[in-house]
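This briefing goes with the chain shown below.

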Amino acid sequence: MDMGGGGHGMAMAPPPSPPGAHGGMRMRMRYTHMTFFWGKDSEILFAGWPGARGGMYALALVAVFALAFLLEFLGSRGLDVALLPSAAAGGGRRVAAGAARAVVHALRVGVAYLLMLALMSFNGGVFLAAVAGHAAGFVAFRAGLFGDRRAQVEDDGKEQLVCC
């Protein structure tokens, strides 16, 4: 069967277009940092956000801080204990408690991945905001600022409560 492509049944590829001739549209070149850098001109999580606006960069840092703080809350022992069913609970309550714990776990993993993607912007301010959010969340939910004022310390994979 001859398809009109030189007698071999294959059509020829179109010639390459000259530089800058993309239908009148200009291609925007973007640079992705692969090392830490300082500055407000960055993209965090979404294309073009926060951009070069200082106020939006500050909002992005607050959002990263809040995500890290939320992650510490979702991983706190107090939340886990609050979702446990009582010893006298029936089968239906145990299933509901297990489902609630699974939802909290899925939410925690989702927030952790979102925070990891924000950190992949390699912006130093984003990194510091995430570390500060984790530290504040640890102080608030694991070191006794809220709750029973006992710190949770992990030792060889086993969690121990230490009185403050």
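**Ala112 and its setting**

Ala112 lies in helix α3. The model is a predicted one. Within the chain, the secondary structure amounts to four helices and four strands.

- Ala112 counts as partly exposed because its relative accessibility is 31%, and partly exposed covers the range between under 20% (buried) and over 50% (exposed).
- Ala112 is 44 residues from Ala68 in sequence, while the C-alpha atoms of the two are 7.9 Å apart in space.

**Packing of α1 against α4**

- Helix α1 spans residues 54-74 and helix α4 spans residues 124-141.
- The two helices pack at an angle of about 35 degrees, and their axes are 7 Å apart.
- The crossing of α1 and α4 is right-handed.
- On the α1 side, the contact is made by Tyr57, Leu61, Val64, Phe65, Ala68, Phe69, Leu71, Glu72 and Phe73.
- On the α4 side, the residues in contact are Gly125, Val126, Ala129, Ala130, Ala132, Gly133, His134, Ala136, Gly137, Phe138, Ala140 and Phe141.
- By type, the residues of this contact are 16 nonpolar, four polar and one charged.
- Glu72 of α1 is the charged one, because Glu is counted as charged along with Asp, Lys and Arg.
- Ala68, whose C-alpha lies 7.9 Å from that of Ala112, is among the α1 residues that make the contact with α4.

**Nonpolar core**

- The largest nonpolar core has 17 residues.
- The residues with the most contacts inside this core are Ile44, Val64, Leu74, Val111, Leu115, Ala118 and Val126.
- Helices α1, α3 (91-119) and α4 are the elements that give two or more residues to the core.
- Helix α1 provides the largest share of the core, seven residues.
- Val64 and Val126 are named both among the core residues with the most contacts and in the contact of α1 with α4.
- Apart from its neighbours within four places in sequence, Ile44 is in contact with Trp49, Pro50, Tyr57, Ala60, Ala118, Ser121 and Val126.
- Two of these partners of Ile44, Ala118 and Val126, are also on the list of core residues with the most contacts.

**Chain as a whole**

- Read from the N terminus, the order of elements is β-β-α-α-α-α-β-β.
- The chain has 164 residues, of which 24% count as buried.
- Of the contacts between residues at least 6 apart in sequence, 52% join residues at least 24 apart.
- The accessible surface comes to about 11700 Å², and carbon and sulfur atoms account for 67% of that surface.

Technical notes: Residues numbered from 1 in each chain as written. Predicted model: local features only at pLDDT ≥ 70, side-chain atom pairs only at ≥ 80, totals over all residues. Heavy atoms only, no water. Axes fitted to C-alpha atoms, helices over the stretch in contact; angles between N-to-C directions. Left-handed = near helix turned anticlockwise from the far one by under 90°. Contact = heavy atoms within 4.5 Å. Core = buried A, V, L, I, M, F, W, Y, C linked by side-chain atoms within 4.5 Å. Buried < 20%, exposed > 50% of the residue type's maximum accessible area, 1.4 Å probe, protein only. Areas by Shrake-Rupley, 256 points an atom, 1.4 Å probe, with all protein chains shown as cover.
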